Amino acid sequence: MTSSVKLADAAAGGPVLEAVGLSRSFGPVEVLSDISVAFRAGEAHAIVGENGAGKSTLMKILSGHLTPTRGAMRLDGAPMTLRGPVDAERRGIVLVHQEIMLAPDLSIAENMFLGRELWRGGKLDDRTMNARAEAAMRVFGVDVSVTVPVERLSIARRQLAQIARALATPHRVAIFDEPTASLTPVETAALLNLIRELKAKGVAVLYISHRLEEVKAIADVVTVLRDGKQVTTRPAAELEPLDMARLMVGRDLLDLYPPRAPAPTGEPTFVVKDFSAPGFAEETSFAVRPGEILGFSGLVGAGRTELFEALFGLRKGGGDIRLDGATQRWPEARSAMNAGAVYLTEDRKSKGLLLEETIATNLTLAALDRFRRGPLVDRAKESRALDQAIRRFDIRVGDRGMLAGQMSGGNQQKLLLAKMLQLDPKLVVIDEPTRGVDIGAKQQIYRFIVTLAAEGRSVIVISSEMAELIGICHRIIVMRNGRIVGEVEGEAMNEHAIVVLATGVDAQGGGEARS
Amino acid sequence: MTQATHETAAPSRAPFEIGAVAPFLALALLCVLGVVVNPRFVGLDNITNVLARSTFIATIAVGQTLVIVGGGLDLSVGAMAAFVSGLVILFLNSGLIADPTLLIIAAMALSLVASALCGLFNGLTTTLGKIEPFIVTLGTMGIFRSLLTWLAQGGSITIRNNDVRAAYRQVYFGDLFGVPYPVLVILGVAIVGAFILYNTAYGRHVRAVGSNEDVARYSGINVARVRTITYVLQGLCVGIAVIVYVPRLSSASSTTGLGWELMAITAVVVGGTRMKGGIGRMWGTIAGALILEVIGNIMLLSNVVSEYLIGAVQGAIIIIAMLAQRGLARGR
């Protein structure tokens, strides 16, 4: 298995993997047309584009998950037909999936060696496997037990474990599909370092990301896709993030963030005092005013999501919650909703939307009481609400019978927003509003958030992207290890100040703290 | 933005789903086969007989469809039917009410209440106790059946009063304008079941809970309540089946309702409802129940395969139905 995989002779200079005129259609729709790119050893090649631009389709073809309708691929100059992902791996092409695909009840080590377990003396050689898994994880600078079930790890840790697992296969082409979507700056920096090491070893790296800063930092060559077509392939040195964004969207992006409204000065209406979520958040106290956008920053595992899930009755917790002066007790999400508070989960696909149901069903699910006549669902009213939501949130639907799972990340996020706003809440908490969302939709979502505040609602945004918090919030609270460790406001809102609070270390750690 | 973009141009839902009509096609094919094997198959007597006999499974399967769509399972339905039958007959024998008609009506009410309580017990134990429904209903299956055996002291319980028995017989053997009561019961229960599943807010909550419990919870749906109610509705369906079953033999014993849970689940799966919940096809379930009965009937009429193998054929059908579902899913 390993024999056929060898690192290309970098001196040869020819591309390791080459796509020539690749096209792919689904039914009558061509989602990828005539893509020709060359991937060289020791080079990081970034593929950028909005959701739906065809990035994932291209990756799936190159890694054997899909076959092209037209066009060819070459490996070391020789024509190559992939019979499937296993065939691709055998040839040294590995794909690090965007979705986490690990068996939740098995440990990191068990997952890493799944299907290629090591044996010694007729039984599993756990000691060696655990040691190797530990070594693989240490590369990321993460201190994590490789023997606890994956289920108990944070999403970021799982993501890292998944990357480590993929890279444990001998490889010469490594494809990363949005690897940093759920990583914090520190882990992202570790991953980028790992990619630099891969490059130094002569691996050809393909890198897909929405984070253009990251692309700029790591890529040697950038290919921009738009609507399935190759807009350009250029050395990364010639492109600034803003240029990439412009090429992706096909027009000028004047400003990603909408103009900031002045910070409201009224009395806070949502006041939390000494609230704890056992094991995740300790004695947190904060308040938000109507019309205010309050950010929650922190590293993954700082307890932000868990704090709000506990506040909204979605996990265990307790403390003093007041809304409009009245003490609240929210044992379940419904009680919070009845009081006028909604929480939009960071995990759209498994907690936010029913992927196998229609858009309309999802839209009204949380507010179904408002759409019933007696026991019946009022479909006419539901249909009108869908029309409104599609207009207000610019949800792009092929047809109205479309299932939520068929929509792009940006449209799913818009749908989730529309779904929770059916309840007309006073307090809106949005967790990771733009995760896995393309730049065009991002810009729209920021505008929606600002509009929510302008309508007099209190808005809380939890995000791992510091830039977006700084871009839209009036005030940012930073959490570390389950505690609120500080708050920045106005001119003091910059990435450096937040990183210092989030890590507790005043150093340019990981090179991420730029202001 | 200049134009709409889609992540992948996944084909939107097909306007015509083969999976939805497959059980009806299969039923139609079986009927054709029935006629070929024995022309008596299409005789009015035979068709009435098949429909009437399928009432129990069809009625119970309607409730089972709701339970399964909500992400649960109820293995106790056969034993529950036996236990409640026993209770109903004991009540009829008690002679608490002199007038036979009133006595029978009270017995029917008892059947519904007792079954609903049994269902409530199943529901609360799974949801509040957070125990797998498979385990809970496996347990109650043993409990209900054992209770009946105890009530019958190992034998059978029979309606003793001949007037009551004669009056109650009409419920199974009688008809309204030529349509036997059992057929009306199937229709009524299926219409109500389909209405609940497809048209009510509750039905949508059931689908949501079965489709993804977390999404339901984050949407403010009380998952435990929605699930518990599916078991109560399942209980009511068992109660209705008992009402129609008791007059048929006027007796209950430890073999009453034996294997009904498997037949009901088979009917649900053959009908196209997804075993792990979220997607339900109420009319498919009815077709599934009829398919099971028609197959048994054809075997009786044909002499090609021994009727003692009915169970084997029905068992094979559930496996074939699952394979077909898988094949259809892959083909999409």
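Strand 22 of chain A, residues 458-462, is my subject today, in a model that is predicted. Five of its five residues are buried, so the strand is largely enclosed by the rest of the structure. A residue is called buried here if 20 or more other C-beta atoms lie within 10 Å of its own.

Which strands are joined to strand 22 of chain A by bridges? One is strand 15, residues 293-298, which runs parallel to strand 22 and is joined to it by four bridges. Within this pairing, A:I293 has A:V459 as its bridge partner. Another is strand 21, residues 427-431, also parallel to strand 22, with five bridges between them. Here A:V429 stands opposite A:I460.

Strand 21, helix 15 and strand 22 of chain A together make a right-handed β-α-β unit, in which the helix covers residues 439-454.

Finally, I turn to the whole chain. Chain A contains 17 helices and 24 strands. Buried residues account for 50% of its 515 residues. For a chain with 515 residues, a compact globule would have a radius of gyration near 24 Å, and chain A agrees because its own value is 24 Å. The C-alpha trace spans about 70 × 50 × 50 Å along its principal axes. Among contacts between residues at least 6 apart in sequence, 68% join residues at least 24 apart.

Notes:
Residues are numbered from 1 along each chain as its sequence is written. Chains are lettered from A and ligands numbered from 1 in the order in which they are written. This is a predicted model: local features need pLDDT of at least 70, side-chain atom pairs count only at pLDDT 80 or more; totals for chains, interfaces and linings use all residues. A residue is buried if 20 or more other C-beta atoms lie within 10 Å of its own, exposed if 12 or fewer, and partly exposed in between; C-beta atoms are placed from the backbone. Helices (H or I, at least four residues) and strands (E, at least two) are DSSP runs, numbered from the N terminus. Two strands pair if DSSP finds at least two bridges between them. A crossover is right-handed if, with the strands pointing away from the viewer, the path from the first strand over the helix to the second runs clockwise. The radius of gyration is taken over C-alpha atoms; the globule rule is 2.2 Å times the number of residues to the power 0.38. Two residues are in contact if their C-beta atoms, placed from the backbone, lie within 7 Å.
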